[in-house]
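Q: I'm new to this one. Can you walk me through it?
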Amino acid sequence: MCGIFGFVNYLTPRTRREILECLIKGLQRMEYRGYDSAGVAFDADINGKEIAIIKKTGKVKVLEDEIMNMGNGQLDFDVEFKTHIGIAHTRWATHGVPNAVNSHPQRSGPKNEFVVVHNGIITNYKDVKQFLIQKGFEFESDTDTEVIAKLIKHIHENHPDLSFREISEQAIQQLEGAFALCMKSVHFPGECIATRRGSPLVVGIKSKTRLATDHIPVLYSKDHRPCNRGSNIVLSRDRTESTTEFCPLGENREVEYFFASDASAIIEHTNRVIFLEDDDVAAVTDGRLTIHRMVRNLDDSSAREIITLKMEIQQIMKGNYSSFMQKEIFEQPESVINTMRGRVHFDPDMIILGGIKDYIPEIKRCRRLLLIGCGTSYHSAIATRQVLEELTELPVMIDLASDFLDRSTPIFRDDVCFFISQSGETADTLLALRYCKQRGSLIVGITNTVGSSICRESHCGVHINAGPEIGVASTKAYTSQMISLVMFALVMCEDRISIQPRRSEIIQGLRQLPDLIKEVLKLDDKVHALAQELYQHKSLLVMGRGFNFATCLEGALKIKELTYMHSEGILAGELKHGPLALVDKAMPVIMVCTRDNVYTKCMNAIQQVTAREGRPVIVCERGDTEIQKLSSKYLEVPHTVDCLQGILTVIPMQLLSYQDRKSVV
């Protein structure tokens with residue numbers, strides 16, 4: 001996924017070197033998002049009447065080296081700008097091959113009059129492109145983004161009296177799809193426009209003086225007045241000349257703004273941020289920030305809150321680890337504690353989920369529970385479906401968000417829909433949420449990101465508190481999502497006498513979980529040796545059933561994501577219905593088998609594999625010599641309560657995918 005970073009300094013003197021270093025550092029903070037090229041756009045002259053663009057294929061380091069090499073006469077790094085706007089981008093190719101021309105920023109023409117960085121996909125770009133070609137525009141790239149820059153130029157040429165914000169709004173209204181945009185122009189020096197629809201965008205604010213307010217009123221383009229239905233905004237009389245704009249208090253109006261796809265790119269500069277909502281248009285003009293919307297909806301908030309992030313810079317640093325993924329795997333003993341902190345009480349056995357406690361009576365009366373997510377979040381739903389059915393005695397449906405939308409699934413007012421997403425911005429999950437909300441169902445969000453779209457648009461929810469997850473492949477968020485859903489199930493059955501022994505068993509299992517995870521992480525060296533053998537193969541099968549089926553799906557996904565090896569998670573009960581034909585002595589097979597209610601059935605599956613000359617690597621419980629005799633190699637994990645065993649068995653799979661990746665590299 002692409003990454004956007006923008007930096008505006010107003011009356012805050014910065015040299016070109018400092019500005020470019022800030023832009024590059026912002027991109028480096030988002031390298032985890034995956035990308036194939038990078039670029040920056042900045043003022044070529046001190047008045048902002050010319051824009052320079054530098055783009056390179058490859059890592060941000062390649063772009064940085066190119067910029068530094070231009071210091072030998074091409075660029076004056078020491079020139080100082082009191083006011084400047086720079087935008088930068090890392091691109092994950094969707095339209096057009098990875099090369100410098102297709103990289104962002106994209107421009108309106110050879111003179112760089114309007115430049116745009118974009119995260120998302122414009123679904124109607126072909127229609128817009130054809131319209132612009134008929135108007136005489138020539139295109140140099142294969143991207144969908146270039147149409148945005150050229151469309152803005154077309155509107156400006158036909159309506160030169162409109163402001164930059166108004167031009168941008170006119171262009172945005174013609175676009176379909178998901179996008180986050182950040183734009184600048186030679187025609188409007190000192191101005192920056194940012195907007196989003198379906199893709200995340202956050203604004204950071206840094207000021208030497210205290211901020212005038214914790215809220216910024218929302219303006220509506222038709223009447224240019226803030227909506228203040230029941231607003232609790234406290235406005236200072238001497239805050240600005242207009243109560244609908246933001247700038248620092250006092251005579252010292254120095255301020256810096258940061259725009260980014262992720263707060264992790266901003267946190268080293270400021271912890272004061274605004275999470276833009278869909279169709280917000282943020283405009284910075286002469287150091288003043290305004291937020292506009294083109295259409296007024298009944299449930300619109302009247303203001304955007306300036307939030308203080310609790311994230312620390314150390315949390316987004318790798319420390320002594322070689323990668324963010326490795327760091328996040330080894331953080332899981334702490335992340336599961338953070339997920340349970342203040343919620344799980346062991347003496348007496350009690351669970352308190354403050355985010356949903358007022359809705360529990362309504363949830364208990366519901367028709368069914370629907371758990372909806374994508375990728376790893378979907379797997380956490382599979383992992384907990386069985387315990388949810390057991391403890392709530394409600395039908396539990398699970399769905400991939402994309403397929404859920406394709407089917408136009410019937411949703412009823414007495415349904416309770418859980419939307420699971422680490423970022424809280426997953427596009428398909430967010431669209432599914434709105435689909436269900438329109439039909440009157442209760443929306444419960446399970447996210448890791450405060451202020452995210454799913455967090456804001458849910459009626460209630462659980463914040464998993466796993467901490468920032470920088471690695472592309474989700475690890476600690478998966479285990480925290482599982483625990484959050486298990487805690488919900490425990491809350492739902494707290495008044496059922498017959499189920500108290502089972503409930504107490506699970507709560508005590510949660511108590512021991514952090515120490516058990518530490519024991520599993522000691523397998524790292526053994527997993528590394530196994531990875532040395534597996535990485536040369538082209539395919540891998542991962543099998544299991546019951547509570548461990550989700551482990552197989554998640555393990556296979558991680559291996560695909562990181563090593564580009566074909567890997568398939570298979571339900572062991574389905575072996576005879578096709579997958580067994582793939583098994584022979586050359587096919588690597590990993591089987592997950594723990595002593596739960598499907599242990600005997602898993603043993604039968606292992607015997608079927610060995611009968612085909614398969615040589616399974618088995619993830620089993622410590623001391624299970626019976627099953628170890630059937631394996632070529634085995635990885636032992638401690639025993640815990642069955643519904644939590646998947647947390648322990650998935651960690652060796654996370655380690656294996658990471659070690660396999662190292663072997664490939």
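Here is a short tour, from the overall build to single residues.

Q: Where does the model come from, and what are the ground rules?
A: This is a predicted model, in which local features need pLDDT of at least 70 and side-chain atom pairs count only at pLDDT 80 or more, while totals for chains, interfaces and linings use all residues. Residues are numbered from 1 along each chain as its sequence is written, and side-chain values use heavy atoms, with hydrogens and water left out.

Q: How many helices and strands are in the protein?
A: The protein has 19 helices and 30 strands. Helices (H or I, at least four residues) and strands (E, at least two) are DSSP runs, numbered from the N terminus.

Q: And what is its radius of gyration?
A: It is 27 Å, close to the 26 Å from the globule rule for 665 residues, so the protein is as compact as a globular protein of that length. The radius is taken over C-alpha atoms, and the rule is 2.2 Å times the number of residues to the power 0.38. Along the principal axes, the C-alpha atoms fill a box of roughly 80 × 55 × 45 Å.

Q: What share of the residues is buried?
A: 58% of the 665 residues count as buried. Buried means under 20% relative accessible area, exposed over 50%, and partly exposed in between (1.4 Å probe, protein chains only).

Q: Why is helix α5 called largely enclosed?
A: Seven of the nine residues of α5 (residues 164–172) are buried, so the rest of the structure largely encloses it.

Q: Which ones are buried?
A: Phe164, Arg165, Ile167, Ser168, Glu169, Ala171 and Ile172. Their cover includes β8 (114–122), α4 (146–158), β9 (177–185), β10 (191–197), β15 and β16 (288–293). The cover is judged by contact, meaning heavy atoms within 4.5 Å.

Q: Switching to helix pairs. How do α9 and α16 cross?
A: The axes of α9 (residues 375–392) and α16 (residues 549–563) come within 8 Å and cross at roughly 165 degrees. That makes α9 roughly antiparallel to α16. Axes are lines fitted to C-alpha atoms, for helices over the stretch in contact, and angles run from 0 to 180 degrees between N-to-C directions. Under 35 degrees is roughly parallel, over 145 roughly antiparallel, 65 to 115 roughly perpendicular, and the rest oblique.

Q: Which residues meet there?
A: Gly375, Thr376, His379, Ile382 and Ala383 in α9 meet Phe549, Ala550, Leu553, Glu554, Leu557 and Lys558 in α16. By class, six are nonpolar, three polar and two charged. Ala, Val, Leu, Ile, Met, Phe, Trp, Tyr, Cys and Pro count as nonpolar, Asp, Glu, Lys and Arg as charged, and the others, Gly among them, as polar.

Q: What about α13 and α14?
A: The axes of α13 (residues 476–492) and α14 (residues 500–521) come within 11 Å and cross at roughly 150 degrees. Ile483, Val486 and Leu490 of α13 make the contact with Arg503, Ile506, Ile507, Leu510 and Leu513 of α14. This contact has seven nonpolar, no polar and one charged residues.

Q: Where are the cis peptide bonds you'd point out?
A: One runs from His104 to Pro105, with omega near 5 degrees. Pro105 sits in the loop between β6 (84–91) and β7 (106–107). Another joins Asp347 and Pro348, with omega about 5 degrees.

Q: What is the phi of Asp279?
A: It is near 75 degrees, a positive value in a residue other than glycine. Asp279 is partly exposed, at 28% relative accessibility.
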